[in-house]
Amino acid sequence: MEIKGEYRIAASREKVFAALNDQAVLQACIPGCESLEMLSPTEMTAKVRLRIGPVSAAFSGKVTLSDIDPPNGYKITGEGQGGVAGFAKGGAVVALTADGDDTILKYDVDAQVGGKIAQVGARLIAGTAKKLADQFFGKFAERVGAPPPVAAA
Amino acid sequence: MYDFAYHRPKSVADAIALLKGKEEARPMSGGMTLIPTLKQRLARPSDVVDLGDVKELAGIKLEGANVVIGGMTKHAEVATSADVKSHIPALAELAGHIGDPQVRNRGTMGGSVANNDPAADYPAAVVALNATVTTNTGKHAADGFFKGLFETALGEGEIVTSISFPKAEKAAYMKFPNPASRYAMVGVFVAKTASGVRVAVTGAGPCVFRVKAMEEALAKNFSSAAIKDIKVSATDLNSDIHGSAEYRAHLVGVMARRAVDAANK
């Protein structure tokens with residue numbers, strides 16, 4: 001299934017792109033992320049605990065960055081095993097365009113879910129994926145676009 | 001099923017004490033969603049706090065212009081209650097068509113509303129009738145209560161104690177059920193109460209929503225003809241093997257007109 005979205009971020013493309021590559025920013029924005037460790041500048045391992053309605057599942061897997069084209073965008077791919085619950089994998093193509101002082105972030109997610117979670121929750125997967133994508137990019141836009149804290153005089 | 005500690009408290013205060021401070025503890029009302037989830041091992045709570053013995057959460061009573069329904073009231077009880085049938089017949093009718101007889105005799109109103117499944121029927125009634133959700137910590141207006149897919153305004157250690165529905169002047173609920181699960185592919189609750197006309201849609205999107213354009217048209221002229229040209233956008237609606245977003249958008253119009261006609265009978 002595919003999900004698209006768009007956010008306006010009050011920051012330059014360079015700043016947004018740097019944040020998209022910042023482990024601390026990604027960890028703070030990935031919904032339910034308990035840990036995110038860098039293996040290399042483009043590979044990370046992640047532990048994510050998600051709770052959607054009655055279902056709660058812990059996924060462990062890896063996050064890979066590819067098609068890196070600063071400051072225009074990249075592709076972020078995640079793949080996780082949730083034990084008995086099943087597996088989830090998905091990639092988001094992120095494109096940044098400048099609009100005055102702001103940056104328009106467009107994402108295009110393609111996600112697949114398999115195993116038990118997909119069998120019993122088929123009707124809920126699209127809504128869940130959309131919600132998670134919105135949570136991630138919403139939080140990201142808020143965090144990166146936030147004005148810098150005012151230094152005490 | 002994984003192991004968990006099972007509790008059966010007798011009061012709301014005891015239930016809250018059991019839930020407090022335990023991140024993986026879950027309250028259970030009828031268990032119609034939680035138990036299948038546990039059986040599939042899709043959740044692993046440390047504690048399950050069964051509210052079945054909490055007498056203060058059961059029952060239906062009249063309070064002035066409102067019908068107040070306890071959180072642990074089963075769908076079958078709402079469907080057959082003389083008070084609900086005489087003051088808000090549409091709500092009794094809705095309850096009588098939730099799931100199957102097994103679900104209606106176990107599932108509860110508080111559980112359904114707290115779970116906020118995107119295709120559940122009750123959220124449409126709560127929003128359309130502008131009901132008030134009462135919990136152990138306070139009251140929530142219908143409009144702010146349902147926040148998104150499986151998301152409500154309920155905090156940790158907060159359970160639905162009752163829901164207060166204003167009596168309706170005119171109301172009806174029409175749903176297009178999935179033939180296997182009886183979940184609403186699209187369900188539309190139309191109500192005219194003291195606070196105005198409301199149209200609430202469930203099943204079509206990730207969460208119950210109102211159709212303001214229909215509400216305005218119906219406020220001027222409460223007839224299905226008044227809304228026949230109002231189209232609902234398919235953007236953000238659910239699309240799955242049962243139906244596309246465009247199909248669901250079309251169904252919203254059809255169900256809304258049928259509901260208005262039924263309310264006028």
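Visitor: How many bridges join strand 6 of chain B to strand 7 of chain B?
Guide: Happy to start there, with the note that this is a predicted model. Strand 6 of chain B covers residues 132-135, and it runs antiparallel to strand 7 of chain B. Within that pairing, B:Thr132 has B:Ala141 of strand 7 as its bridge partner. The number of bridges joining strand 6 and strand 7 of chain B is three.

Visitor: In what order do the five strands of the open sheet in chain B lie?
Guide: The pairing in this sheet is antiparallel. Strand 4 (60-63) and strand 7 (139-141) of chain B each have a single partner strand, so they stand at the edges, with one side of each left without a neighbour in the sheet. On average, neighbouring strands are turned by 25° against each other, direction ignored. Reading across the open sheet of chain B, the order is 4-5-10-6-7.

Visitor: Which residue takes a positive phi in the hairpin of strand 4 and strand 5 of chain B?
Guide: Let's walk up to the turn. Four bridges hold strand 4 of chain B antiparallel to strand 5 (residues 66-70) of chain B, and one of the paired residues is B:Glu63, whose bridge partner in strand 5 is B:Asn66. The hairpin has two residues between the strands, and the one with phi near 60° is B:Gly64.

Visitor: Where in chain B does B:Asn130 lie, and what is its phi?
Guide: This residue is in a loop, between helix 8 (122-128) and strand 6 of chain B. B:Asn130 is a residue other than glycine, yet its phi is positive, near 55°.

Visitor: How far apart are the C-alpha centres of domain 1 and domain 2 of chain B?
Guide: First, the bounds: domain 1 of chain B takes in 1-54, and domain 2 takes in 170-263. Between the C-alpha centres of these two domains of chain B, the distance is 34 Å.

Visitor: Which element of chain A gives the most to the side that touches chain B?
Guide: The contact takes 18 residues from chain A and 19 residues from chain B. On the chain A side, at least two residues each come from strand 4 (55-69), helix 3 (116-120) and helix 4 (122-145). By class, that side has 10 nonpolar, four polar and four charged residues. With seven residues, the element giving the most is helix 4 of chain A.

Visitor: What is the radius of gyration of chain A?
Guide: The C-alpha trace of chain A spans about 55 × 30 × 30 Å along its principal axes. For 153 residues, a compact globule would have a radius of gyration near 15 Å, and chain A agrees with this at 16 Å.

Visitor: Which peptide bond of chain A is cis, with omega near -10°?
Guide: Look in the loop between strand 4 and strand 5 (73-81) of chain A, where A:Pro71 has its place. The cis peptide bond runs from A:Pro70 to A:Pro71.

Visitor: Which element of chain A has the lowest mean pLDDT?
Guide: Over chain A the mean pLDDT is 87, and 95% of its residues reach 70 or more. Where pLDDT is low, the predicted coordinates should not be read in detail. Among the elements of chain A, helix 1 (residues 13-20) has the highest mean, 94, while the lowest, 79, belongs to helix 3 of chain A.

Definitions and conventions: Residues are numbered from 1 along each chain as its sequence is written. Chains are lettered from A and ligands numbered from 1 in the order in which they are written. This is a predicted model: local features need pLDDT of at least 70, side-chain atom pairs count only at pLDDT 80 or more; totals for chains, interfaces and linings use all residues. Two strands pair if DSSP finds at least two bridges between them. Axes are lines fitted to C-alpha atoms, for helices over the stretch in contact, and angles run from 0 to 180 degrees between N-to-C directions. Domain bounds come from an automatic or database domain assignment. Two residues are in contact if their C-beta atoms, placed from the backbone, lie within 7 Å. Ala, Val, Leu, Ile, Met, Phe, Trp, Tyr, Cys and Pro count as nonpolar, Asp, Glu, Lys and Arg as charged, and the others, Gly among them, as polar. pLDDT is the predictor's confidence in each residue, from 0 to 100. The radius of gyration is taken over C-alpha atoms; the globule rule is 2.2 Å times the number of residues to the power 0.38.
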